[in-house]
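Please look over the sequence and the model shown here, and then read on for a short report on selected features.

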Amino acid sequence: MPRTPRTAIRGGLLVTATDETPADVLIEDGRVAALAAPGSAYAAGWTAERTIDATGRYVVPGGVDGHTHMELPFGGTYASDTFETGTRAAAWGGTTTIVDFAVQTRGRTLREGLDAWHAKADGRCAIDYAFHMILSDVHEGTLKEMDLLVSEGVTSFKLFMAYPGVFYSDDGQILRAMQRAAGNAGLIMMHAENGIAIDVLVEQALAEGRTDPRHHGEVRRALLESEATHRAVQLARVADCPLYVVHVSAQEAVAELARARDLGLPVFGETCPQYLYLSADNLAEPDFEGAKYVCSTPLRPREHQAALWRALRTDDLQVVSTDHCPFCFTGQKELGRGDFSKIPNGLPGVEHRMDLLHQAVVDGRISRRRWIELACAAPARMFGLYPRKGTIAPGSDADIVVYDPAARQTLSAADHHMNVDYSAYEGRQVTGQVRTVLSRGEVVLDERRYTGRAGHGRYLPRDPCQYLT
Ligand code: URP
Ligand code: ZN
Ligand code: ZN
């Protein structure tokens, strides 16, 4: 393994979830060796083989995206980013760790699913990666395997209250998995939508000729997200287990989480940039363009966004991840022409999360430190990777982004790096841009020139959720 050169990042404003201070960052053997007052380390005789000038820029931790789906099989096709293309795009966007979802296929073991995901990712990632495990077939054998996986560093399990016949678990299966997680320190992640009721509404809509993409949003009613969220919280209380609700989009679901947290329950939630910036208006775009925005939970009417932003400020939601799950418009989203239920669910976004959240800083919605909390520190803690990831502190991996807060850019499929033929944010102007990215001390993006490589990224076994210890 080649040694990474002793590196200094000089002259920037260091921003972590807890501090903002002008500081030089000194890097040795891929880790942060020290933080120093500007210029002081050099004055004291510290030498660097490589110096990165961060004058006028922020120096922030690499992003931790706790929810991605590279190569996910869905709806008869596969998410279009491989681990190679998706992690490269993540690096371009300042994300240096992803936690992707390995899938248990029905009738198969967790081990088989996990091995299959290792085989997809091994030797291909540009940045470090870890896995959650999707449980699609909860039975006694699955429950036993959960213990083994936790002991190996796969410490979180996603269950689905949606997608009957595919990923769906019933309440009994959910309760059993939660009881097991309560005993083995696993974290249950929940896709909270009442899929049984949604499927009735889907059938009725199609029978009435309501086949356009916008009906995807209409049948997946906010009430069916909040009902499922409420049910998940109550089941977690019965099992005495922590709960993390993924891709929260409805204000009513946020209210359920806030109520649970007000009771002091170990209930957590994430939302995603698409729910903060896009809306049901996009789903209603004509000529089937709305298919580009089909994901579940669905985009909601714009009015829901204020509740999401508020929850991000008040900590009723702790994490922003992307749920990156791209499908090309041509040939993939098009599978659902004439039947919205056949449009593969998911949006591309792994490249844009850091920038879109920085835009919220520019817009005065969140502070700089909250930006880093939501995008780096909280997901690292939630998924047992802190302080190795999610911060810049002595001993941490030198996963570092040099960020220009004043650069202006226009997001577009014309120059993004995700392997997908459209951008959900086409034409959106944002202020702020990732300039240089280090992953374990190796420069993978150098003033917007890609210098990374497939295979640099390492698999990360994880500790249990660090909000509970
Ligand atoms: O539409 C989505 N979210 N696709 C990815 C699978 C999931 O439910 O997270
Ligand atoms: Zn989901
Ligand atoms: Zn997802």
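Which protein donors does the zinc ion (ligand 3) have? This is a predicted model, in which local features need pLDDT of at least 70 and side-chain atom pairs count only at pLDDT 80 or more, while totals for chains, interfaces and linings use all residues. Residues are numbered from 1 along each chain as its sequence is written, ligands are numbered from 1 in the order in which they are written, and side-chain values use heavy atoms, with hydrogens and water left out.

The protein donors are His67 (NE2), His69 (NE2) and Asp323 (OD), which lie 1.9 to 2.1 Å from the zinc ion (ligand 3); donors are N, O and S atoms within 2.8 Å of the metal (3.2 Å for Na, K and Ca), and since water is not among the atoms, sites may look incomplete. In sequence, these donor residues follow the spacing H-x1-H-x253-D. Histidine 67, in strand 6 (residues 63-68), and aspartate 323, in the loop between strand 15 (319-320) and helix 13 (353-362), are 256 residues apart, and the pair links distant parts of the chain. Helices (H or I, at least four residues) and strands (E, at least two) are DSSP runs, numbered from the N terminus. Both histidine 67 and aspartate 323 are buried, where buried means under 20% relative accessible area, exposed over 50%, and partly exposed in between (1.4 Å probe, protein chains only).

Turning to the cysteines, the count comes to 0 disulfides, a disulfide being a pair of cysteine sulfur atoms within 2.5 Å.
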